[in-house]
Amino acid sequence: MHSVNELFGSMVFNESVMQSRLPKDTYKSLKKTLHTGVPLDLSIANVIATVMKEWAIEKGATHYTHWFQPMTGITAEKHDSFITPADDGAVIMEFSGKELIKGEPDASSFPSGGLRATFEARGYTAWDPTSYAFIKGKTLCIPTAFCSYGGEALDKKTPLLRSMEALSKQALRILRLFGRDDVKRVYTTVGAEQEYFLIDEKLYKRRKDLIYTGRTLFGAKPPKGQELEDHYFGTIKPRVKAFMAELDEELWKLGILAKTEHNEAAPAQHELAPIYTTTNIATDHNQLTMELMKKIASRHGLVCLLHEKPFAGVNGSGKHNNWSMCTDTGYNLLEPGKSPYENAQFLLFLCAVIKAVDEYQDLLRLSVASAGNDYRLGGNEAPPAIVSMFLGDELTEILEAIESKSSYSKREKVEMQIGVDVLPHFPKDTTDRNRTSPFAFTGNKFEFRMPGSTFSIAGPNMVLNTIVAEELSQFADLLEQASDFTAALNKLIRRTIREHKRIIFNGNNYTDEWVEEAERRGLLNLRTTPEALPLFAAEKNVRLFAKHCIFTETEIRSRMEILLDNYIKTIQIESLTMVELVKKEILPAIIAYTRELSAAALDKRSLSAEIDISVELDTVRRLSSLAACIKTDAEKLESALVEVRTHPTAVEQASFCRATVFVAMQELRTVVDEAETLVSAKHWPFPTYGELLYGI
């Protein structure tokens, strides 16, 4: 049994391994690339490749792959062995710097939103040296970016890396104004909490809806759901604990900082939370975490469900994205600080985030838009679709005092000057957390609670980085030209608070009153994916991404098409699955049960005309009526599906799916779920909610 210290990072080609194995000059060059972004010379890459290959072979690896993140939402890999033929008919194990730096997977079958035609197959993967290579099974995995033959980004990593660079560039401009010449780079950091469900694998295999779509399309509410709140933080069942223990070990081997695990609010729901790391690495780690969750669950006779809403009527699953900004000297820019000078710097960065969230509500909302997340947002376990910020009462009062040039008197009378002297007394947690807020300040970071559990966090963080970079850019443009920095800074902070305070809301985001109040404030309420996604190509957003070299307009439109197409296909797959289940399993089960009831009633009546058969007859009548409704509703759903493709654009098709197909799905589900409550357990064709949620 290895200790955690021995396990941690044992399958990662990290800086410790590099330092011990690489020649000093090579390591120095690589470290410069890692920490400053300087391109790596091919001769250096050749040395690194040789050492990396030798290390991987020692660990049992026989193949290598460029591990990348296409627009499918999952990772992709093409495995090549290290073998190269030798003159004597044997083989040698080789791996060059060119193979390390660049790969060439077929790009034609990945989603491209029109960027690539089917016959145009060439695509490139490029090594991302800022994310460490690792071994998975017997394969050396090299994290890479993925682009087309023409250079367009076809993945989620490339724009994320671009956004991190953009934010660092603009943050450094601000820090220079505060005399922070020691800082060479600013990183965004993320800790992504991952929620998920575990169910018994044998039960899962009897639910085609779970197999095809990841969620239950039918299911009557069980007698007990999460009403008693007894699952939340409850004792972890031995079978689940065994899964968690193995998951921890496998994650630790890959250098993933798995820290906290517990039961979540819904039965069969759990959460894993890591310690934060740089956004790029956190994104890679979260993709690996989801992959390993599924793989390891199977070893324990379980299935891990990552869908945002696998069960109606109980909490869905999200991915809480804890985001902050840190310097390469180790200072968190969202830490209030212990001196007046640090306070002013904190306030400026805080104001940049406030302004960014207010001005780009649409981008934050569409960054978490999907068919699955539409089922979750607005429920009692997730924030609503309205983007707002929680700052807590004390920090909000401080901002109000600054805006009005008044004294802040909660602790002591202090005049609000540039130093904001009260802030050294501002502890991290002066108010309770607000779990209903989409974007909450939690002491020295923001918790973005809207991403769904299946999401790659690359998209939401790319948006966050870019919009904050834009506001820092605007602030720097103004302050760099100021003749009186202190006066200009005071004025800028005050104006930003005044113009963007509408986005700050510390109350209950679940109430109808907040929906009305948000509308009065002019905040967006983009309830569904078809409402949100078209705003990706809004003129202001195209300008934003072009300015910071994140996306071209062509790349934006291609991504919008991919996301819309994914939404449409998801709704279609769910609908077709519903129709198949109705025709092949549900209606036959109802018919068989009504036949059995009818036969039982006739048998009883044959014994005596006095015997009461009203229960059988009433049940038969009701089920026959429901069966007729189910047949009609299924035909209505089929007709709606045919009509989808009659609409000319992806936006119109997605809107029709939401307005018509989705409604037909809900109508069909309602009658099927009622029928489930009347049909005997012997006849009902698949496991019930009670069995699934309490089957472990």
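The largest cavity is lined by 14 residues, among which Ile256, Pro274, Ala282, His285 and Asn286 lie nearest its centre; a cavity is a set of points, on a 1 Å grid over the protein atoms alone, where a 1.4 Å probe fits but cannot get out, and lining residues have an atom within 4 Å of a point. This is a predicted model, in which local features need pLDDT of at least 70 and side-chain atom pairs count only at pLDDT 80 or more, whereas totals for chains, interfaces and linings use all residues. Residues are numbered from 1 along each chain as its sequence is written, and side-chain values use heavy atoms, with hydrogens and water left out.

The volume of the largest cavity is about 120 Å³, where a volume is the space filled by probe spheres set on the points, which are joined across faces, edges and corners. At least two lining residues each come from strand E10 (186-200), strand E12 (269-274) and helix H10 (279-299), with helices (H or I, at least four residues) and strands (E, at least two) being DSSP runs numbered from the N terminus. H10 gives the largest share of this lining, 4 residues.

Turning to the valine, Val468 belongs to helix H15 (residues 458-480). Val468 counts as buried because its relative accessibility is 0%, the cut-off for buried being under 20% relative accessible area with a 1.4 Å probe and protein chains only. Leaving aside residues up to four places away in sequence, Val468 touches Leu167, Trp323, Met325, Val353 and Ala356, contact meaning heavy atoms within 4.5 Å. Val353 is 115 residues from Val468 in sequence, yet their C-alpha atoms are 5.7 Å apart in space.

Technical notes:
Buried means under 20% relative accessible area, exposed over 50%, partly exposed in between (1.4 Å probe, protein chains only). On a 1 Å grid over the protein atoms alone, a cavity is a set of points where a 1.4 Å probe fits but cannot get out, and a pocket is an open set with protein on both sides within 12 Å along at least five of seven lines; lining residues have an atom within 4 Å of a point.
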